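I opened the model today and kept notes as I went. The entries follow.

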Amino acid sequence: MSNFGNLIMNENMKIFRRPRTWIMLSILALISLLMPVLLNEGMGSSEVPYWQAAITTVQVVFFLNTIFCVVIAAEAVAGEFTWGTIKLLLIRPWSRSKILASKYLSVIGFSILSTLLVVILATVMSYMLFSHSVTQDGSGASASHAFALWGYLYVDLFITLAIAFMVSSVFRSGALAIGLSLFIMFTQNLFSMIFNPVRYEWAKYVLFNNMDLSRYMNSAADYGLLGDGNAGMTLGFSIAVLAVYYVIFMLISWVVFNKRDVAG
């Protein structure tokens, strides 16, 4: 276990040793602090609850957070092949499975760190600038609503990272992993409209139709696992579909990485 811990530490050193990592984190921190200021100038702090401002800020910054995390995930495996360091890594007394797992856990660790950075800074700055009063209907301006929404946003990020990591492992191309992940991010809603589960029964099993879990917050059963959902889809159903896709992505990454010949 100590050897595996050293592997994870080594991968984290690779991530945080690069100046671009700190630049990305600095950009996230700066925008998370600046967005509430801009919202305050535009709307004023007398009536807007600070949780609502924090929610808006995180939603805006999270798109950039996802892009930065995808960059880290895309280079996790593909970067070793690009820089020619994969052979040096594989001759170490560690199994390929442990090497791949350490890379993936380091990517997840970075995504958690960047997400917490955005959430904490956005909440603190919004708390300082906006109203602490609660609206009569409490629409969207509560801690439970905020953390539920942010949790759903992270699930979307989590699956996107799995895709980027799989492409990086299979095709050894960081550019392809970044490009495909960005394509999914930009066209997710478009494909959801084209392959509408209301029209096509099979479409409810399509990945794009299950990634945005926040849509279940608008139903009568906001936080329940059961309910009417959309076209027979519920929160529990979407989570189960995402879990299946996630296992498939991880299996593909593991099989290809363990079987790949890097002698050339």
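Ground rules. I am reading a predicted model, where local features need pLDDT of at least 70, side-chain atom pairs count only at pLDDT 80 or more, and totals for chains, interfaces and linings use all residues. Numbering starts from 1 along each chain as its sequence is written, and side-chain values use heavy atoms, without hydrogens and water.

Whole chain. I found 9 helices and 0 strands (DSSP runs: H or I of at least four residues for helices, E of at least two for strands). Of the 264 residues, 46% are buried. I noted an accessible surface of about 13,200 Å² (Shrake-Rupley, 1.4 Å probe). Carbon and sulfur atoms hold 69% of that surface.

Contacts (heavy atoms within 4.5 Å). I took those with a separation of 6 or more; residues 24 or more positions apart account for 81% of them.

Helix pair. I looked at α2 (residues 19-43) against α5 (residues 96-129): the angle is about 25° and the axes, lines fitted to C-alpha atoms over the stretch in contact, are 9 Å apart. So α2 is roughly parallel to α5 (angles under 35 degrees). On the α2 side of the contact I see Leu25, Leu28 and Leu33, among others. The α5 side includes Phe110, Leu113 and Met125.

Terms used
Buried < 20%, exposed > 50% of the residue type's maximum accessible area, 1.4 Å probe, protein only. Axes fitted to C-alpha atoms, helices over the stretch in contact; angles between N-to-C directions. Parallel < 35°, antiparallel > 145°, perpendicular 65-115°, else oblique.
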